[in-house]
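Open the model in your viewer and keep the selection tool at hand.

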Amino acid sequence: MVAGAAIAAALAVAGCAPQGYNAADYGNAAEPASNDVAASPGATADPAATSDPAAQADPDATAAPGSETGTELSDDQITKALTGTAVKKMGEVVENEGGFVLYRFDGDSNSPAKSNCNGDCAKVWPPAYTNDGKPTLKGVSSSVVGTVTRADGTKQLTIKGWPVYTYIGDKKPGQWKGQNVSGKWFVIKPDGAKNLTCLPAVSKPVAPPASESGAESSDSGTAGSDYSY
């Protein structure tokens, strides 16, 4: 019975794995090679459809929130839209205006809403920042969208109380390489629930971006890092 369950679990992972999945490539030691977008944000998605969107911008290109005086963020730092759509092999997701999938973190809380992802965590999992808490919504009800004030005074969007984030390991719109990272990060659905349609093996997050001096941050994935995020 145990062996049968293990085989069934392996087949389930293979069945939901992204196109180009290679177990040796998942997470830090293993990320799906690619996940194709099912549809452009805002469109009615056909899970069988695919596209090849442009690559994500370098996460270091935008100044980190908190480097400016005060907590008001510039237009290019905030999340302007939340779109409920679907992507291949995962199904329901929420994407930002760039088409990047949003995640929730089990280390946070939603009642009351609180983000516990700071420091290197927020470099790997950029928060969906906002100034007014009023992104353009499509396929996401305004009744579940809110904000939480982060430790640095900035505001972050929430869905059903859960703070939401993107993942720097996702290089194209529609990818979901952050699914089940650390066993704590999950694709969020438009109603705020975790999307558990596909659960690849638990994996480590990618390393935080190098600092301006060229040296990696203290939790960069070198020996000794606990990957608490």
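**Before you start.** This is a predicted model: local features need pLDDT of at least 70, side-chain atom pairs count only at pLDDT 80 or more, and totals for chains, interfaces and linings use all residues. Residues are numbered from 1 along each chain as its sequence is written, and side-chain values use heavy atoms, with hydrogens and water left out.

**Whole protein.** Show the cartoon. There are three helices and eleven strands. Helices (H or I, at least four residues) and strands (E, at least two) are DSSP runs, numbered from the N terminus. Their order along the sequence is α-α-β-β-β-β-β-α-β-β-β-β-β-β. Of the 229 residues, 44% are buried. Buried means under 20% relative accessible area, exposed over 50%, partly exposed in between (1.4 Å probe, protein chains only).

**The sheet.** Select β1, residues 81-87. This strand sits in an open, mixed sheet of three strands, ordered β2-β1-β7. Strands pair if DSSP finds at least two bridges between them. Now colour β2 (91-95) and β7 (136-138): each has a single partner strand, so one side of each is left without a neighbour in the sheet. β1 and β2 run antiparallel and are joined by five bridges. For one of these, pick Ala86; its bridge partner in β2 is Glu92.

**The largest core.** Which residues touch the most other members of the largest nonpolar core? Select Tyr103, Cys117, Trp125 and Trp185; the core has 21 residues. A nonpolar core is a set of buried Ala, Val, Leu, Ile, Met, Phe, Trp, Tyr and Cys residues joined through side-chain atoms within 4.5 Å. β3 (103-105), α3 (120-124) and β11 (185-187) each give two or more residues to this core. The largest share, three residues, comes from α3.

Centre on Trp125. Not counting residues up to four places away in sequence, Trp125 touches a set of residues including Tyr165, Tyr167, Val181, Pro205 and Tyr229. Contact means heavy atoms within 4.5 Å.

**The disulfide.** Is the disulfide of Cys117 and Cys121 left-handed or right-handed? The torsion about the S-S bond is about -110°, so it is left-handed. Cys117 is buried, at 0% relative accessible area. Cys121 is buried too, at 4%.

Definitions and conventions: Disulfide = S-S within 2.5 Å.
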